[in-house]
Amino acid sequence: MQYPTRTPPVGERPRARSALVSVLAANMLVDALEVSATLVALPSVGDDLALSVPQLQWLVSGFAAGFGGLLLLGGRLVEHLGRRPVFLAALLVFAAASLVGALTDSAALLTVTRVLKGGCVALTAPTGLAIVMAAVPDGPARRRAVSLYSFFGAAGFCAGLLLSGLLTGSGWRWTFAFPAPVALLLFAAGLVLVPRDRPGPRPAAGDRWRAGTAALALTATVLLLVYGLAGLGAPAGQRRHAALAFAGAVVCAAVLVRAERTAARPLLRTALLRHAPLLRSALGAAALNGSYTGFLLIATLHLKEAGWSPWQTALAFLPAAAPLALSALYSARIATRLGPARAVAAGAAAAPLGYALYPHTGGGPVHPTDLLPATACVGVAFVLAFTALHLQATSSLPPRLQSAGGGLYQTCVQLGAALTVALTSALITAGRGPALWLVTLVGLAGAGVALRGLAPARGRHPPVPGSPRLPDPALPTTDGRGHPSVPTRKAL
């Protein structure tokens, strides 16, 4: 569907269309590097602000909680406000939060900026893809645009490693400040290039209130769970705070359920919760992303103790991140040739093997050869399972549910990272070994879920009537207005 604009549609002006896609892809790159850049900078932040590991992990889990908590609401905002205002407003907030985070000495304020940035990425990443789908005509031009957009998302993790390795040596604040001017430049370009679109009908006040309540309750539930899980490693006298956080999470979850059950249009369609392939893929992706992020947290702190510089740490992680970036344009072909279920199972098995191969004990010097078997296995896992999980999640959904299914899938991916990182930080206080065993068990749980996809189809949930056999892997599943779902490196 083409929306009215005050100027000729971007799709009719090839030069403007190319510029628009370039701006959106550059924004995707900035979004995707947020997690990896922060991970490399964590030890420097901890040293400068005197933060414990449970406090430090908030810089990773807070971002994931903001991303996952607002992702479903983002589709509703785009639908009712329009793509252009949501995208541009999120860029401005993202830039402001980056600048504040770089300048503050308060751990609490720094955490708030990370949650805000996660919420902004929940708006800019899928909305940017929706703009591409609406502005670029169907055919080879759209395929190229989507491929470029997806490639920059996959390459962003590598870019974040290298950028943070370079900047953190001069001070962690440069790593946190870098996105601010870039986001402002993209905002200025977006004012000129992003086409205007007509928002949908304004919902009733009650529906707006329930949708906002549900999104805030989901985010609060996750944040309280993160606080409680991270607090399990605290001294016995302080664990009552963790118990209170868990109780608060239960209350917020009840508010979420109540808001969703009474909403005329709930954020989460209950039909999706009965669809086994989607749930299996979402749980598998949450386990893969969560265990991987927890693993990188452990390795980052370990290498800091071993005397490695931020730049050396970034290079050590490249074997785990670079294979996906290099194969991003071919990952859909790999998944379809092997079959999504087989590719997911193979990738899910490779990840916990990598975690098990990482040194569990010892505090002496660490050599690159000690890390390579583990990081190489993780790199192979993402090449095999990254796109295959997404295809498996949405391939049997009818078009009317694919956008909502993609939103649920990406939400689970982010929540898996937030919760696993929090529990990992609690176990690190008991030593590197217990924390590594945790991420290995989480990875094995994901592998177990993946293996169910290889079981005979008899007795399992049948495809939803009207479902396609398999979507074209070169194109995202989207309705063009809500949440299109092309996986990115930061969000499987």
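A nonpolar core, as I use the term, is a set of buried Ala, Val, Leu, Ile, Met, Phe, Trp, Tyr and Cys residues joined through side-chain atoms within 4.5 Å. Buried means under 20% relative accessible area, with a 1.4 Å probe and protein chains only.

This is a predicted model, where local features need pLDDT of at least 70 and side-chain atom pairs count only at pLDDT 80 or more, while totals for chains, interfaces and linings use all residues. Residues are numbered from 1 along each chain as its sequence is written, and side-chain values use heavy atoms, with hydrogens and water left out.

The largest nonpolar core has 114 residues. Val45, Tyr292 and Phe295 have the most contacts inside it. Helix H1, residues 14-49, gives the most to this core, with 13 residues; helices here are DSSP runs, H or I, of at least four residues, numbered from the N terminus. A second, separate core has 21 residues, including Leu72 and Val226.

H4, residues 83-103, packs on H5, residues 107-135, at an angle of about 150°, with the axes 8 Å apart. Axes are lines fitted to C-alpha atoms over the stretch in contact, and angles run from 0 to 180 degrees between N-to-C directions. H4 is therefore roughly antiparallel to H5, the term for angles over 145 degrees.

Last, the cysteines. Cys120 is buried at 5% relative accessible area, and Cys377 is buried at 16%. How many disulfides does a search of the whole structure find? The search finds 0, a disulfide being a pair of cysteine sulfur atoms within 2.5 Å.

Conventions
Buried means under 20% relative accessible area, exposed over 50%, partly exposed in between (1.4 Å probe, protein chains only). Helices (H or I, at least four residues) and strands (E, at least two) are DSSP runs, numbered from the N terminus. Angles under 35 degrees count as roughly parallel, over 145 as roughly antiparallel, 65 to 115 as roughly perpendicular and the rest as oblique.
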